[in-house]
Amino acid sequence: MRPAPIRTTCAYCGVGCGVLASARDGRVRVKGDPVHPANFGKLCGKGQALGETVSAKDRLSYPLIKGERASWERALDHIAGRFLHIRETHGPDAIAFYLSGQLLTEDYYAANKLMKGFIGSGNVDTNSRLCMSSAVAGHRRAFGEDVVPGVYEDFEETDLLVLAGANAAWCHPVLFQRFEAAREKRGSRLIVIDPRKTATAQAADLHLPLKPGSDVALFNGLFRFLCEEGAADESFIARSTADFEKLLPLLGARETELAHVAARCGLEENLVRQFFTSVLENERWVTGFSQGINQSSRGTDKVNAIINCHLLTGRIGRPGMGPFSITGQPNAMGGREVGGLANQLAAHLSFEPEAVEKVGRFWNAPSMAERGGLKAVDLFEAVHEGKVKALWIMATNPAVSLPDAERVRAALEKCELVIVSDCMASSDTLSYADVALPAEGWGEKDGTVTNSERRISRQRRLQAAPGEARPDWWALTQVARRMGFGAAFPYESPADIFREHAALSGFENKGERLFDISAYADISDAGYDAMTPFLWPVRKGDKGKAAAGGRLFADGKFAHEDGRARFLFLEDAPPVHGANDDFPLLLNTGRLRDQWHSMTRTGAVPRLMSHVKEPMLYCHPEDMAAFGLSPKGLAEAATRWGRGLFRVAADGGLRRGEIFIPIHWTRHMSAAGTVGALVNPVTDPHSGQPEFKHTPMRVTPV
Ligand code: SF4
């Protein structure tokens, strides 16, 4: 008899689709899980190909020290010994971890605890910094906690979906399909705000191809328009918000007049009016936003400009309404829950003295970090400056994916101790590893992930990993024990870690923090194995069920101490670096439909590779003529930070003066250009998220 398929979760985007998978005769077969509440049986092209990516080929199968095979014992002793020595000699901040939204929550928890409670530094950051940290900062400012108020049903129950900086048709396909299916029945409208005419924009009723970086101006204009049209929900504002008066200057400002907004955003006035009127006329209105909003030197302000409009109208926390951050990675949300960002502590706590004391007591930690650590771009700068001397990188490829990536490579080259945990035998970042540790990959590891709507699901093991690959939480636990912290790291399984994480979420939490999964603090191993997807919060006594359809703020109470959400006055300002005579074009970056990150997994599937086969540079046809580029010809792209070679293609859906380059290719795979080397390292002052969507550049034909 064939064994029953195993229920697990997709390895890719933040939609977090449930997958039914079976491993047989050396092959893994997958299909959508019909009962998973994120996808109800649907999978996109990437998800359908998951089974073809689970392979023992090209895997890192055993630890390496300086490129030579080593036993786990030796590698772990080496790491623990060097960490102790570096901490003793240079202090705890000379050690750092750089993690990934591909890790499971249990991996993240162990890393965060080791660094922030026992090594004694806040230096744990993650590639999720590049993906959604502006949404985190915006949520914290407005709501008092990093929470997404809505659930996926809101996309189906809305009359107006505004997608701002989100190419959901390609990047979050199953969620977009859910909206499209409901749209057909309900007749909902779709408005897309994006400088590019993406696949999502092509499906829209209205597309606003706004000038990059002008989103704050657009939403400030919407705020004024809604006020003038009497759409402000005065009772909600009085009952549930604070600081409304700070936005009063917007109401009379010339900059927020419709004609000025249109001119600032590079849009026809008629398009802006249609957008504003649609919002006015549709009470059920969701704004979904993603990297086009977040990856910006004004990302946090953009997030809050959106939230301001929802707070103004009280359209939040109710069916079919609200601002909705659509996360990029499968477990960016799980990482946020356990302190995977340098400015968070654990369980949605930040570094206030009482929180440090509380977590330190819960962990019985000897060396609590008392302040946040370095955020991604600053972290690698500190490595470059020699301040961080030991860096453990897990499940990510910063030599490719960070901005100003040549400087990141130089930093890794100089760093005293680079440890890289990865499934694959080679990558751009692995080539800098002093110690390489073989990690379990999707289909081999066991744990939990959280998707964009706060739903926690299990990723489950389908088959054993090749060679000596081990889970990341295990490697972290082993290092912690060798550093003398064994009593606090007794974990023998991911279930042990999950129970502790769940208990910490409810520890001395009388409801002031929404993130609370303490109902799972005593879950048995069998219960963990059988866990079905659930939305948080689920407090002890909730019997595993989230309240009120899973929506937050339905009662008009927010997580700030006074229970009120905050309006923020946001000044419109252009991106830090504008086009100039030397670099007259603007580089925008993003994903392709069929690829994921630096393609270690999706690049192995021929049918996914057939969509776009090589590193491309997309350019408006009139700009191609102006710059002497020919279709399918080669062009050198250059910015102040780097250069690279790309194949040229025409794209009439771009604004004049703008270039689009997909993020996926690496130097390891191709002699051509990598986009990270071109991108400027400017970051948002609140979130630290880099400005991936706006770098001045030039192109020359080759
Ligand atoms: Fe996986 Fe995202 Fe596709 Fe769902 S939509 S199958 S989570 S890549």
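Visitor: Which residues does UniProt list for "domain: 4Fe-4S Mo/W bis-MGD-type"?
Guide: Residues are numbered from 1 along each chain as its sequence is written. UniProt positions are given in that numbering, feature names are shortened, and annotations may be inferred rather than shown by experiment. The entry is unreviewed, and for this domain UniProt lists residues 3-58.

Visitor: What is the mean pLDDT of the protein chain?
Guide: This is a predicted model: local features need pLDDT of at least 70, side-chain atom pairs count only at pLDDT 80 or more, and totals for chains, interfaces and linings use all residues. The pLDDT is the predictor's confidence in each residue, from 0 to 100. Here 99% of the chain's residues reach 70 or more, and the mean is 95.

Visitor: How many Å apart are the end C-alpha atoms of residues 3-58?
Guide: Helices (H or I, at least four residues) and strands (E, at least two) are DSSP runs, numbered from the N terminus. Over residues 3-58 the chain is 7% helix and 30% strand. Its end C-alpha atoms are apart by 28 Å.

Visitor: Which residues around the ligand come nearest?
Guide: A residue is near a molecule or strand if its C-beta atom, placed from the backbone, lies within 6 Å of it. Around the ligand there are 14 residues. Helices α1 (45-48) and α7 (173-186) each supply at least two residues of this shell. The nearest are Cys-10, Cys-13, Cys-17, Cys-44 and Gly-47.

Visitor: How many residues of the shell around the ligand are charged?
Guide: Ala, Val, Leu, Ile, Met, Phe, Trp, Tyr, Cys and Pro count as nonpolar, Asp, Glu, Lys and Arg as charged, and the others, Gly among them, as polar. Nine shell residues are nonpolar and four are polar. The number that are charged is one.

Visitor: Which domains does the shell around the ligand draw at least three residues from?
Guide: Domain bounds come from an automatic or database domain assignment. With those bounds, the shell draws at least three residues from each of domain 1 (6-53) and domain 3 (133-326).

Visitor: In β7, which residue is the bridge partner of Leu-99?
Guide: Strand β6 (residues 95-99) pairs with β7 in the parallel sense, over three bridges. In β7, the partner of Leu-99 is Thr-126.

Visitor: Which residues make up the covered face of β23?
Guide: In a regular strand the side chains alternate between the two faces of the sheet. The uncovered face of β23 holds Leu-634, Glu-636 and Ala-638. The covered face holds Ala-635 and Ala-637.

Visitor: How many residues lie between β23 and β24 in their hairpin?
Guide: Strand β24 (residues 643-650) pairs with β23 in the antiparallel sense over five bridges. The hairpin has, between its strands, residues numbering four.

Visitor: Which residue in β26 stands opposite Ala-637?
Guide: Four bridges join β23 (residues 634-638) to β26, and the two run antiparallel. Strand β21 (residues 585-590) is also joined to β26 (residues 695-701), by three bridges. Opposite Ala-637 stands Val-699.

Visitor: What is the omega of the peptide bond from Trp-536 to Pro-537?
Guide: Most residues other than glycine have a negative phi, and most peptide bonds are trans. Pro-537 sits in the loop between β19 (534-535) and β20 (565-566). Its bond from Trp-536 is cis, with omega near 5°.

Visitor: Is His-348 buried or exposed?
Guide: His-348 lies in the loop between α16 (332-337) and α17 (353-363). Although not a glycine, His-348 has a positive phi of about 65°. A residue is buried if 20 or more other C-beta atoms lie within 10 Å of its own, exposed if 12 or fewer, and partly exposed in between, with C-beta atoms placed from the backbone. His-348 has 23 such neighbours, so it counts as buried.

Visitor: What is the phi of Arg-454?
Guide: Arg-454 lies in the loop between β17 (447-450) and β18 (455-459). Because it has 23 C-beta neighbours inside 10 Å, Arg-454 counts as buried. Arg-454 is not a glycine, yet its phi is positive, about 70°.

Visitor: Is Ala-259 buried or exposed?
Guide: Ala-259 is in helix α12 (residues 258-265). Ala-259 and Ala-142 are 117 residues apart in sequence and 29 Å apart in space, C-alpha to C-alpha. Ala-259 has 12 C-beta neighbours inside 10 Å, so it counts as exposed.

Conventions. Two strands pair if DSSP finds at least two bridges between them.
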